[in-house]
Structure formats: C-alpha cells, structure tokens
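Here is a colleague's note to read beside the structure. Please keep the model open while you go through the numbered points.

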There are 2 protein chains.
Amino acid sequence: MTGRTVTISEVAKHAGVAVSTVSYVLSGKRTISADTRRRVLDSISALGYHPNAGARALASKRSNVIALVLPLRAGMHVPVLMRFASAVVTAARRFDHDVLLLTADEGTAGIRRVAASALVDALVLMDVELDDRRVPLLRELAEPSVLIGFPASPAGLTCVDLDFAAAGARCVEHLAERGHEEIALLGAPSVVYERGTGFADRTREGFVAALDAHGLTGVALPCEETFDEVYETVRDLLLDRPGLSGLVVHNEAAVGHVLAALRQLDRRVPHDVAVVAICPDDVAERASPPLTSVPIPAEEVGREAVRLVMEKLEGRPVPASTLLGPLLVIRAST
Amino acid sequence: MTGRTVTISEVAKHAGVAVSTVSYVLSGKRTISADTRRRVLDSISALGYHPNAGARALASKRSNVIALVLPLRAGMHVPVLMRFASAVVTAARRFDHDVLLLTADEGTAGIRRVAASALVDALVLMDVELDDRRVPLLRELAEPSVLIGFPASPAGLTCVDLDFAAAGARCVEHLAERGHEEIALLGAPSVVYERGTGFADRTREGFVAALDAHGLTGVALPCEETFDEVYETVRDLLLDRPGLSGLVVHNEAAVGHVLAALRQLDRRVPHDVAVVAICPDDVAERASPPLTSVPIPAEEVGREAVRLVMEKLEGRPVPASTLLGPLLVIRAST
DNA sequence: TGAGAGTGTCGAAGCGCTTCGACGACCGGC
DNA sequence: GCCGGTCGTCGAAGCGCTTCGACACTCTCA
C-alpha cells in the first residue's frame with residue numbers, strides 16, 4: 001500500500017494510454033471518451049496514484065496552497081482565531097487547496113518568501129490592524145490576497161469582516177427596545193485601542209452613533225482582562241451612573257469577570273442590569289446567566305475570505321469590501 | 001521589485017557561474033571558494049532571487065514543509081492549541097521548514113493525501129486520543145511523524161507531552177507541604193474522560209497516587225464548564241467534605257468559575273481553600289487571586305516535537321517517548 | 001619531478017507533471 | 001466522393017531545481 005511512490009507514467013502504462021491523457025482525465029481540460037476515462041481512473045485507484053504536488057506546481061505554476069497569516073500577539077482573542085483558521089482550512093479544502101500557516105514572527109519577510117518561492121498561490125490575512133505593516137507589501141505582490149479585518153486605508157485591497165459598527169448598534173437598539181435609557185460599552189483592553197485595531201474602534205463608533213440615534217445616554221470604556229480590574233471598572237461605573245441599567249460587553253476574556261463582578265456587587269442579571277455581549281457563542285452559552293449576544297461569525301467570515309481569494313485567483317472581480325451583518329441571539333441576560 | 005520571477009539560471013548568468021554552482025552555494029553541499037560564494041550571493045540579492053519551492057521539491061524529493069494536524073473538536077482547550085501551533089510554526093521555521101495546517105475534518109484521508117503527494121516531508125499531530133484513528137495510519141506511512149500526546153499503545157511511534165502524572169503529583173505535593181490534608185481534583189468535563197483523552201486520565205492517576213504517597217485524603221472529580229455546574233460541584237464538594245482545604249483545578253475553562261464560586265460561597269483563597277491550577281500562565285495570572293499553577297509548556301512541547309521530527313527526517317534515532325517535567329509557579333492562591 | 005590527493009567548478013541528466021501542437025478517425029454536407 | 005470540422009489521443013517540450021560524474025587546477029610528498 002504505502003510502497004514506492006507511483007508516477008503518472010506508471011498509471012499511463014497500466015491503462016495503456018499516454019501520460020498526457022492521464023493528465024487530461026485528472027484535470028478535465030480536454031474531452032476524453034468515457035471508456036478511456038474509466039480505464040484511467042481504474043488504473044489510478046488500482047495503483048494508488050497520488051499526483052506529486054511539487055511536479056504539479058512546477059509545471060502548472062499553481063501550488064494549490066494558500067497562506068493563512070496569523071499574528072500571534074498578546075491580548076488576542078485566541079479561540080476566535082482558531083475558529084477562523086479552522087473555517088479557512090475547511091473552505092480551502094472545498095476548493096481543493098491546502099493551507100500553509102504563517103505567523104507574524106517572521107514579519108513581512110515570511111509573506112514575501114512564500115509568495116516569491118511560489119509556495120502559495122494566494123494569501124488570507126487575519127486580525128488586520130488599522131495601520132498594518134503587511135498592507136503595503138500586499139499591494140505590490142502579484143499573488144491575490146484577502147484580509148479579514150479592515151486597515152485604515154483599504155484602497156486596492158479586498159477585505160471581509162463582521163460589521164462591528166452594526167453589531168455595536170444592534171446591541172444598543174436591543175437594549176433600547178427593552179426600555180433601558182442609560183447604558184455602557186465595555187470594550188477591549190486599552191492597549192488594543194492604542195494599537196488601532198479596527199474592530200474595537202468600529203464597535204465603539206457604532207455604539208456611540210446608536211446611542212444618539214435612540215436618544216440614550218451612555219459611555220464607552222476600555223476594559224482590562226483581570227478580575228480585579230474588571231471589578232473596579234464595573235463598580236466605579238455603577239457608582240458614577242446610578243441610572244445605568246444596560247451593559248454591552250465586547251471583550252471575550254472579560255465577559256466572565258463582568259458577570260462575577262455584578263454578582264458580587266449584588267446586581268442581578270437581567271433584573272438590575274441587562275447584559276449583551278459581542279462574543280463567540282460558546283462563551284455566551286456557558287455564562288451564567290446565558291448571555292444575549294451578537295456572535296462572531298468566524299465560520300462565515302473564513303469561508304467568505306476563501307471564496308473571495310479563489311475568485312481572485314480565477315481572475316474574476318470581487319467587491320473590495322464585504323461586511324457581514326450581525327445577528328442577535330436573545331438569551332437570559334436581557 | 002515584484003517583477004517577473006527570477007530563476008536560478010539568471011542568477012548564474014549574472015554571477016558568471018554555472019547553475020549548479022549557485023545551487024551548491026545555496027545548499028552548502030560542496031565546497032565553494034569564498035570569492036565565488038560572494039559573487040553568487042551578491043547576484044542573488046541584486047536580482048531578488050527566491051528558489052522556486054515546487055522545483056526544489058521535485059528535484060530534491062524534499063518539500064521542506066511539515067504537516068500540523070489539529071483535531072478541531074468540541075470541548076477542546078483551544079487557546080492552548082493555538083500556542084502549540086504557534087510554537088510549532090516558529091520552531092519549524094528555525095529548521096527552514098514551513099507548516100501546512102490540516103484539520104481532522106478530512107479524517108485520515110487528508111493525512112494520506114499530503115503524505116502521498118509529497119506535499120509534506122513529515123507530520124506533527126496534536127491532541128492525540130488514547131484510541132486514535134490516525135495512529136495505525138502513521139505506522140504504515142513512510143513519512144516520519146511525532147505525536148503531541150500519548151495514545152494507548154504508542155509502540156513504534158514518537159510521542160512528546162507534558163508529564164501530566166507528574167504535574168498532578170506535583171500539585172498534591174505542594175498542597176501537602178502547605179499542610180493541607182484533604183484535597184480534591186477538579187478535572188476535565190466528563191465527556192473528555194469518556195473519550196479517553198490521555199492527559200486528563202494521567203493527571204488524575206498522578207493525583208491519586210500522590211494522595212496515597214503523602215497520606216492525604218481526597219477525591220478526583222470531572223468538572224463541567226458552565227458557571228452553574230461548576231458552582232454546584234464546588235458547593236457539594238465543600239458540603240460533603242468539611243475538612244477539605246485544597247483544590248487542584250485541571251480545567252482551563254472552569255478555573256475562573258471555580259474562583260467565582262468560592263467567592264460566592266464565602267470561602268477565601270488561599271485562607272479557607274488553597275487552589276492550584278494546571279493551566280496556561282496567562283489564565284493563572286489573570287485570575288483573582290493569581291493562581292499557583294503548573295503551566296502548560298506549549299512552547300517547549302511544540303519546539304521539542306519539531307526537533308524530534310527533524311531528527312527523524314535526518315534518519316537519526318529518537319526516543320519513543322519524551323515527557324517534559326512539570327514546573328510549579330507559586331502565586332497568591334496557596 | 002611526477003604521482004596522488006584534494007579543491008572548485010561545470011555540464012547534463014533527470015525529478016513528475018502540464019500543456020501545446022499535431023494528427024488520425026470519424027462525421028455530415030454538398 | 002471529397003472537404004472541412006470535431007473529437008480523442010499522442011508525443012515532446014519544457015517548468016526550475018538538485019545532483020552526479022567529469023575535469024582542470026593546485027598542492028603535497030616521495
């Protein structure tokens with residue numbers, strides 16, 4: 001079974017056809033008679049043939065591999081990243097592509113390397129910052145790329161993400177419908193805002209705009225991720241704003257701490273304070289009480305990124321910007 | 001800069017040498033005079049040459065890519081996985097290799113495919129189960145592989161992992177030193193034990209054995225991951241065992257809930273109950289109070305796995321089993 | 001001083017695949 | 001009955017690299 005490696009010419013010999021015929025059977029790029037096709041396919045499975053990826057890449061100038069570039073930085077929402085990665089791999093396989101994993105350790109050099117060496121045909125980049133060093137490089141690269149997230153100036157790029165502004169607004173809207181009049185957003189740690197990570201800012205903007213639109217009062221605060229800091233933030237917030245009755249939490253790591261803090265401050269959810277989170281579904285479900293939330297659609301985003309990059313590989317035009325609409329899942333916390 | 005792709009023969013022409021000379025400069029497989037080497041290297045950087053990965057793989061029968069196989073199942077410790085993955089990528093780069101990401105969706109077919117097509121030279125598998133379907137396949141594969149985790153019968157395989165039994169024992173030992181006489185282990189969710197995931201079992205075994213060795217009484221319980229379930233478990237545990245004063249938590253997702261539950265039950269940490277966790281450092285640091293813990297040495301394990309797989313690629317013998325000794329970091333919770 | 005042993009470099013033969021042009025065989029239309 | 005078109009298949013030319021054997025030198029040491 002796992003004997004010597006079988007080549008296309010052995011398949012051709014076994015099937016009694018030319019090497020090129022086998023190739024055309026596999027690629028479907030020329031018409032082949034049903035009879036010949038069957039003979040070839042039989043030989044392929046009889047011999048256990050697998051095309052050699054290197055040879056194929058060399059001859060066709062296509063490696064059928066895409067790069068997935070993950071920045072593995074501090075303060076990141078790692079589990080979400082993983083779900084993105086998984087979705088990208090699964091989607092890529094559906095297009096008969098594999099995924100090469102690149103971390104940011106190597107900086108832009110890694111991207112340049114895999115592109116220049118033809119190791120990959122295209123790139124998908126995750127967790128893009130507003131001012132991302134990788135962006136200028138992508139513009140000059142021949143290989144198509146898609147970003148998950150939006151840099152400050154996305155001109156000439158293809159980007160896809162959850163519409164965080166709409167997500168922030170959706171949370172406000174929901175709390176407004178429930179009759180809350182003073183609410184707060186607990187967002188990412190301040191370091192994330194300082195770094196200029198797009199999604200954090202965009203959620204805040206959507207939140208603030210929706211506050212206005214619905215005539216509510218409120219405030220948007222950064223939120224650290226240790227229990228003690230979260231506790232203080234929540235305590236001070238409730239002290240400063242006695243009328244506050246709704247909370248939007250956009251910080252996966254802090255969400256549990258926020259609930260624990262409220263518990264300790266004797267505020268009952270949702271009776272005293274209603275809580276909406278923007279976070280992965282499993283976190284929302286596991287909380288006590290289970291949280292009304294806007295889930296992060298990692299699967300959809302990953303799938304869409306791959307679809308877009310494949311379109312670009314085919315030379316087809318794609319929209320520069322794809323924003324996925326937020327869903328609101330209502331649970332026990334509002 | 002990102003103009004047409006530069007080939008080795010253009011470099012050779014530019015440097016005034018033969019193609020093979022350029023190749024030998026790059027690989028170091030034959031001696032080259034210092035002068036020629038310099039000329040060639042200058043031409044390489046002048047032209048911006050990057051060897052074509054496909055051509056290289058075809059000619060050398062080495063793709064310089066290793067596969068990282070991640071099962072992306074429910075109930076997994078995803079952030080830890082990510083750190084493993086990151087460590088593997090970084091370590092692989094140090095050996096001039098890239099990493100192809102494979103998920104378990106494709107089952108064993110994916111492994112077979114990338115191996116047979118020579119897309120990868122070797123494999124690293126993560127989160128191995130006691131009875132892992134992938135294991136028999138690895139045995140018959142020509143490509144070397146290394147497992148992170150231990151299957152039930154590791155004969156003929158190369159495995160590396162944290163020594164979870166020693167980690168469980170180390171926690172007990174620490175609590176014994178602090179004078180605790182009755183302690184409990186809160187482990188993985190029961191579904192993880194039922195699936196037969198090695199590390200959960202091994203921690204429990206180490207815990208139980210150390211209990212005996214130190215003459216302590218105690219119990220090992222599975223632990224679910226929602227706050228309410230954790231709360232009940234902890235409450236019942238304290239009710240059943242009034243003498244209990246130490247807790248070992250080997251469940252990253254539940255660790256925060258355990259502390260919140262203790263807080264709510266008016267047990268102070270470490271005054272009333274001491275807590276030791278087996279979990280990633282960032283989780284232990286972020287908790288309140290910061291937890292004494294045995295960290296999961298993801299970086300070391302990943303690096304070691306890559307080192308082993310590279311050794312095997314070179315044809316050198318490697319130990320079948322590598323267990324990394326646990327470290328105990330003392331913080332405020334004991 | 002000449003045989004023998006390195007050194008440093010070259011040319012050419014593949015590696016396994018895709019793709020292009022060519023070419024019979026067969027078809028229908030006049 | 002001949003011509004132009006398809007259809008199905010083949011052969012050969014690469015793709016860009018590694019590696020093997022050959023070979024021209026330059027040193028040593030007898």
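1. Which helices of chain A and chain B each supply at least two residues of the surface near DNA strand C? They are α2 and α4 of chain A together with α2 and α4 of chain B, where helices (H or I, at least four residues) and strands (E, at least two) are DSSP runs, numbered from the N terminus. The largest share comes from α4(A), which gives 5 residues to this surface.

2. Before going further, please note that this is a predicted model, in which local features need pLDDT of at least 70 and side-chain atom pairs count only at pLDDT 80 or more, while totals for chains, interfaces and linings use all residues. Residues are numbered from 1 along each chain as its sequence is written, chains are lettered from A and ligands numbered from 1 in the order in which they are written, and side-chain values use heavy atoms, with hydrogens and water left out.

3. DNA strand C is surrounded by 30 residues, and the closest are A:Ile8, A:Arg30, A:Tyr49, B:Thr21 and B:Thr36; a residue is near a molecule or strand if one of its heavy atoms lies within 4 Å of it. By class, the surface has 14 nonpolar, 11 polar and 5 charged residues (Ala, Val, Leu, Ile, Met, Phe, Trp, Tyr, Cys and Pro count as nonpolar, Asp, Glu, Lys and Arg as charged, and the others, Gly among them, as polar). Of the atoms of DNA strand C within 4 Å of the protein, 55% belong to sugar or phosphate, and the rest belong to bases.

4. Several atom pairs on DNA strand C can be looked up individually. The side chain of A:Tyr24 has an N or O atom 2.6 Å from a base nitrogen, whereas a polar side-chain atom of A:Lys29 lies 3.1 Å from a phosphate oxygen.

5. A phosphate oxygen of DNA strand D is 2.5 Å from an N or O atom in the side chain of A:Thr21, and a phosphate oxygen is 2.3 Å from a polar backbone atom of B:Ile8. The side chain of A:Lys61, in turn, has an N or O atom 3.3 Å from a sugar or linking oxygen of DNA strand D.

6. Turning to the sheet, 12 strands form an open sheet with mixed pairing, in the order β11(A)-β5(A)-β4(A)-β3(A)-β1(A)-β2(A)-β2(B)-β1(B)-β3(B)-β4(B)-β5(B)-β11(B); two strands pair if DSSP finds at least two bridges between them. The edge strands are β11 (321–324) of chain A and β11 (321–324) of chain B, each of which pairs on one side only. Within chain A, 4 bridges join β5 (residues 159–162) to β11(A), and these strands run parallel, with A:Cys159 standing opposite A:Ser321.

7. Finally, helix α12 (residues 255–264) of chain A packs against helix α12 (residues 255–264) of chain B at an angle of about 0°, with their axes 11 Å apart. Axes are lines fitted to C-alpha atoms, for helices over the stretch in contact, and angles run from 0 to 180 degrees between N-to-C directions. α12(A) is therefore roughly parallel to α12(B) (angles under 35 degrees count as roughly parallel, over 145 as roughly antiparallel, 65 to 115 as roughly perpendicular and the rest as oblique). In this pair A:Ala260, A:Arg263 and A:Gln264 meet B:Ala260, B:Arg263 and B:Gln264, where contact means heavy atoms within 4.5 Å.

How values were computed:
A polar contact is a pair of N or O atoms within 3.5 Å; within protein, one must be able to donate a hydrogen and the other to accept it, and residues adjacent in sequence count only if both atoms are side-chain atoms.
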